[in-house]
Amino acid sequence: MSSHLPSELSQLADHLHLWCPPLRDTWGLANCLLVAGPDPLLVDTPYDGPMSRALIAAADRLLPPGASIGTVVNTHANGDHSYGNMFFPGAEIISTQSSLQHLCAEPTPEQMHHLSQDLSTDDPFGWYMDLHFSRFQYDATTTTPPTRTFSGILQLDAAGTKVELIEVGPAHTAGDLIVHLPEQGVVCAGDIAFSEDHPVHWTGPLSHVTKACETILALPCDLIVPGHGPVMDRAGLRRQIAYLRELEGLIHERYNRGLQAEEAADDILADGSFYPGLGLAERVVILTAVEYRHLAGDSGSPDLVGLAKSAAGWAFAHRGAIRHPRPRQRMTS
């Protein structure tokens, strides 16, 4: 089993089992949540074939004989939460209608294969893509879009387990949703929330991400499954809100001083004091650029590859200090 693949799903609550890849300080290893039973539902799918097949094998050991995953919910359209859709043939795939807007901006598997395999590692972007994305097998993956979309709130029943889908975008992307499982007191937040690493948000502004976090806190829940990293409690999500508000203030202050976006991000990160315990500090470069777009009144679609190149440039310049992918802390429930 590859070092970035879990071998099993961990039970989180009654009927709920978590797929939580074991590396941090890296990209692409998203959490997935299985609602087990005779009519199983899966929240998000992995980035490539090996991860998807490993998840399916782990799920098969938990499901009743003859049961297979017939419903997939994508919290948003990023590939690390949706490229695995193709490995669930015949399943109903549900997302928000607005997520289709981000799907148009998302790099295809073919593009990701080129960016992670064919670029020179002497180039900052090639080095960064090799470090974080060369482990994935994009060449055998195709984009499989949703078969059902909605806006607002959608109620589902997974063989007696109540599932509530709540649209909270635009925030991380144009069309985010969260999954509320009221009987278990669990919310699957998608990339509205991150554990252990700096968050990254492509659409924003940061105030919209904060509002989405506050929507989660307004629900009766004790456990929150972030898009990446170990499960958090309500206090952990409040700490993320504090992060977002602090960063928003730092960015706005530098914007008002007339700094360019990359200058502002470099200034925020300069002395290493901004949340030094979190990995992937270069994501602050992306967050700053996205927030600057809103401050400047730019309502166009984000350039995801361009934003990633800016972050890669910062990481390459500071490569002697950044942490490489390493094991996550053990998940506790």
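Trainee: Quick one to start, is C213 buried or exposed?
Mentor: C213 is buried, because its relative accessible area is 0%, where buried means under 20%, exposed over 50% and partly exposed in between, using a 1.4 Å probe and protein chains only. Keep in mind that this is a predicted model, in which local features need pLDDT of at least 70 and side-chain atom pairs count only at pLDDT 80 or more, while totals for chains, interfaces and linings use all residues. Residues are numbered from 1 along each chain as its sequence is written, and side-chain values use heavy atoms, with hydrogens and water left out.

Trainee: How many disulfides are in the whole structure?
Mentor: A search of the whole structure turns up zero disulfides, a disulfide being a pair of cysteine sulfur atoms within 2.5 Å. C188 is in none, and the nearest cysteine sulfur to it, that of C32, is 8.3 Å away. C213 is likewise in no disulfide, its nearest cysteine sulfur being that of C221 at 11 Å.

Trainee: And C188, buried or exposed?
Mentor: Buried, because its relative accessibility is 2%.

Trainee: Switching to the strands, how many residues of β12 are buried?
Mentor: Nine of the nine, so β12 is largely enclosed by the rest of the structure. Strands here are DSSP runs of E with at least two residues, helices are runs of H or I with at least four, and both are numbered from the N terminus.

Trainee: Which strands does β12 go with?
Mentor: β12 pairs with β11 (residues 177–181) in the antiparallel sense over three bridges, and two strands pair if DSSP finds at least two bridges between them. H180 stands opposite V187 in that arrangement, and the two strands form a hairpin with four residues between them, where G185 in the turn has a positive phi of about 65°. With β13 (residues 223–228), β12 runs parallel and is joined by five bridges, with F194 opposite H228.

Trainee: What do β12, α5 and β13 make?
Mentor: They make a right-handed β-α-β unit; right-handed means that, with the strands pointing away from the viewer, the path from the first strand over the helix to the second runs clockwise.

Trainee: Where is T203?
Mentor: T203 is in the loop between β12 (186–194) and α5 (206–217), and it counts as buried because its relative accessibility is 14%. Its side chain reaches the backbone nitrogen of A174 at 3.3 Å, a polar contact being a pair of N or O atoms within 3.5 Å; within protein, one must be able to donate a hydrogen and the other to accept it, and residues adjacent in sequence count only if both atoms are side-chain atoms. Leaving aside neighbours within four places in sequence, T203 is in contact with residues including H102, P170, V290 and H294, contact meaning heavy atoms within 4.5 Å.

Trainee: Now the helices, which residues of α3 are buried?
Mentor: In α3 (residues 109–117), P109, M112, L115 and S116 are buried. They lie on the same side of α3 because they cover an arc of only 125° around the axis, the arc being that of the directions from the helix axis to the C-beta atoms. Among the elements covering them are α4 (124–133) and α9 (304–317).

Trainee: How many residues of α4 are buried?
Mentor: Eight of its ten residues are buried, and α4 is mostly covered, with α3 and α9 among what covers them. D123 caps the N-terminal end of α4, where a side-chain oxygen lies 2.9 Å from the backbone nitrogen of F125.
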